[in-house]
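Here are my notes on this model. Please read them with the structure open.

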Amino acid sequence: MPKVMIVDDDRTTVKLLQTLLELDGFEISVSPRGADVLPMAREDQPDLFFMDYHLTDMEGIDILKALRADDGPLATIPIVMTSGMDVEDAVMAAGADAFLIKPYEPDDLPELFNRLINKA
């Protein structure tokens with residue numbers, strides 16, 4: 001079962017995504033705070049990060065850069081970033097594997113996630 005870490009501080013969005021993705025066979029972990037992502041990821045070893053650009057405590061792009069700079073296995077895990085603003089150029093340049101502008105279609109996520117996980 002592929003593991004996805006959702007990094008988002010919107011509880012309603014997270015609950016919806018968690019339910020839908022679990023129905024599609026994904027194991028989900030959630031980090032609402034950017035500061036918790038690296039320690040949690042080292043413990044959970046997710047297969048993919050699904051991360052919002054704007055978090056309460058920091059910007060998702062800073063977490064993205066920290067993950068890509070990691071000297072362990074976290075550096076190669078696929079990262080899908082989302083935002084209500086078009087920040088695609090910035091996140092792709094920082095090392096994201098995909099960008100989705102909100103609102104996106106949740107039904108499209110399993111195919112995207114599986115493709116990125118299988119490519120990794």
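**Notes on the aromatic cluster and the sheet**

1. The rule: rings of Phe, Tyr and Trp (its six-membered ring) pair if their centres lie within 6.5 Å; planes under 30 degrees apart count as stacked, over 60 as edge-to-face and the rest as tilted. Phe50 sits in strand β3 (residues 48–52) and Tyr104 in the loop between β5 (98–101) and α5, so the pair ties together parts 54 residues apart in sequence.

2. A word on the basis. This is a predicted model, in which local features need pLDDT of at least 70 and side-chain atom pairs count only at pLDDT 80 or more, while totals for chains, interfaces and linings use all residues. Residues are numbered from 1 along each chain as its sequence is written, and side-chain values use heavy atoms, with hydrogens and water left out. Helices (H or I, at least four residues) and strands (E, at least two) are DSSP runs, numbered from the N terminus.

3. The count comes to 3 aromatic pairs. One of them is Phe26 with Phe113, edge-to-face, at 6.0 Å centre to centre and 90° between the planes. This pair also links distant parts of the chain: Phe26 is in the loop between α1 (11–23) and β2 (27–31), and Phe113 is in helix α5 (residues 109–119), 87 residues apart. Phe26 and Phe113 are both buried. Phe26, Phe50, Tyr104 and Phe113 form one aromatic cluster.

4. Is Pro103 buried or exposed? At 80% relative accessibility, Pro103 counts as exposed. Pro103 lies in the loop between β5 and α5.

5. Now the sheet. It is open, with 5 parallel strands in the order β2-β1-β3-β4-β5; strands pair if DSSP finds at least two bridges between them. β2 and β5 stand at the edges with a single partner strand each, so one side of each has no neighbour in the sheet. The twist averages 20° from one strand to the next. Strand β4 (residues 79–83) is joined to β5 by 4 bridges, and Ser83 stands opposite Ile101 in β5.

6. Which strands does α5 touch? α5 packs on the sheet against β1, β3, β4 and β5, and its direction makes about 130° with that of β3. Contact means heavy atoms within 4.5 Å. Axes are lines fitted to C-alpha atoms, for helices over the stretch in contact, with angles from 0 to 180 degrees between N-to-C directions.

Note on methods. Buried < 20%, exposed > 50% of the residue type's maximum accessible area, 1.4 Å probe, protein only.
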